[in-house]
Amino acid sequence: MDANDLSGMANYLLEGIAKLAHAGADFGIISANTPHIVFDEVAPKSPIPLISIVEANARCGQSAEPAAARLIRDALYDAGRFYPKVFAGEGIELLVPDPHDQDYIHDKYMNELVPGKFLADTRASLLAIVDRMKATSDIDGVILAGTELPLILRDPIHNGIPFLDTTKIHVEAAVAQMLS
């Protein structure tokens with residue numbers, strides 16, 4: 001991903017998915033947000049059906065009937081490319097934090113959260129960003145589109161704004177598929 005080799009990422013994922021299919025898997029998931037940048041390239045070539053983290057979250061957002069949600073993650077993050085398209089297809093407007101907040105989130109995500117540092121000051125600042133977003137836009141939810149974000153933003157709701165844990169929603173979709 002650092003080299004922006006999207007074709008290489010797609011091929012890498014397809015190799016792993018082929019192994020799952022050969023082992024007898026009925027379906028697969030790509031259990032992270034970032035690799036979903038190539039989901040539309042991978043899914044049609046996959047030998048087994050794939051459950052998209054983005055589509056699972058859009059369906060969850062649709063069932064909660066949010067008119068607008070904020071995508072918490074930075075502009076450099078690839079989810080900024082593919083989440084809006086999928087959510088728009090479900091009639092959900094997707095907004096992102098302002099550029100200054102995006103820079104802050106990116107810095108804290110990459111330099112603290114990914115290495116496993118979960119600081120109280122960072123949590124307070126992230127919640128302040130959510131509060132500013134609520135004050136400036138009529139949002140109905142916040143999508144935690146990064147695996148580490150629910151580890152620091154642990155509560156399911158902040159000041160009346162629900163947090164959508166993308167990983168949890170994705171796993172719930174996979175379990176529902178397994179049980180169907």
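Predicted model: local features only at pLDDT ≥ 70, side-chain atom pairs only at ≥ 80, totals over all residues.
V175 belongs to helix α8, the stretch of residues 166-179. Together with V171, M178 and L179, V175 makes a nonpolar surface patch of about 400 Å².

**The chain as a whole**

The chain is built from eight helices and seven strands. Of its 180 residues, 44% are buried. The chain exposes about 9400 Å², and 55% of that area is supplied by carbon and sulfur atoms. When contacts with a separation of 6 or more are considered, residues 24 or more positions apart account for 71% of them.

Helix α6, which runs over residues 120-136, has 17 residues and reaches 24 Å from its first C-alpha to its last, close to the 24 Å expected at 1.5 Å a residue. Its buried residues are T122, R123, L126, L127, I129, V130 and M133. Seen down the axis of α6, these buried residues fall within an arc of 145 degrees, so they line one face of the helix. The face turned away from this buried side carries A120, D121, A135 and T136, which are exposed.

Leaving aside residues up to four places away in sequence, D101 touches I129 and R132, and at 4% relative accessibility D101 counts as buried.

**Salt bridges**

Side chains of opposite charge can pair when their charged atoms come close. The structure holds six salt bridges, and the table lists some of them, with the distance between nitrogen and oxygen.

| Pair | N to O distance |
|---|---|
| E112 and K108 | 2.8 Å |
| R123 and D155 | 3.0 Å |
| K168 and E172 | 3.9 Å |

The pair of E112 and K108 sits in helix α5, which covers residues 99-113, and being four residues apart there, the two are separated by about one helical turn. E112 is buried, with a relative accessible area of 9%, and K108 is likewise buried, with a relative accessible area of 18%.

What does the salt bridge between R123 and D155 join? The side chains of R123 and D155 meet at 3.0 Å, N to O. R123 lies in helix α6, whereas D155 lies in the loop between α7 (149-152) and β6 (157-158), so the pair ties together parts that are 32 residues apart in sequence. R123 is among the buried residues of α6, while D155 is partly exposed, with a relative accessible area of 41%.

The pair of K168 and E172 leads back to helix α8, where both residues lie, four residues apart and about one turn of the helix from each other. Is K168 buried or exposed? At 51% relative accessibility, K168 counts as exposed, since the cut-off for that class is over 50%. E172 is partly exposed, with a relative accessible area of 43%.

**A buried histidine in a loop**

H36 lies in the loop between β1 (28-29) and α2 (39-42). Although its place is in a loop, H36 counts as buried, at 3% relative accessibility. Which residues does H36 touch, not counting those up to four places away in sequence? Its contacts are I30, I51, S52, I53, V54, F82 and H170.

The backbone of N4 has a phi near 60 degrees, a positive value in a residue other than glycine. N4 lies in the segment before α1, the helix of residues 6-22, and is partly exposed, with a relative accessible area of 46%. N159 also has a positive phi in a residue other than glycine, with a value near 50 degrees. The place of N159 is the loop between β6 and β7, the latter spanning residues 161-165, and at 60% relative accessibility N159 counts as exposed.

Key:
Residues numbered from 1 in each chain as written. Heavy atoms only, no water. Patch = residues over 30% accessible without salt bridge, like charges linked within 9 Å, V, L, I, M, F, W, Y side chains within 5 Å. Areas by Shrake-Rupley, 256 points an atom, 1.4 Å probe, with all protein chains shown as cover. Salt bridge = Lys/Arg side-chain N within 4 Å of Asp/Glu carboxyl O. Expected span 1.5 Å × (residues − 1). Buried < 20%, exposed > 50% of the residue type's maximum accessible area, 1.4 Å probe, protein only. Arc of directions from axis to C-beta. Contact = heavy atoms within 4.5 Å.
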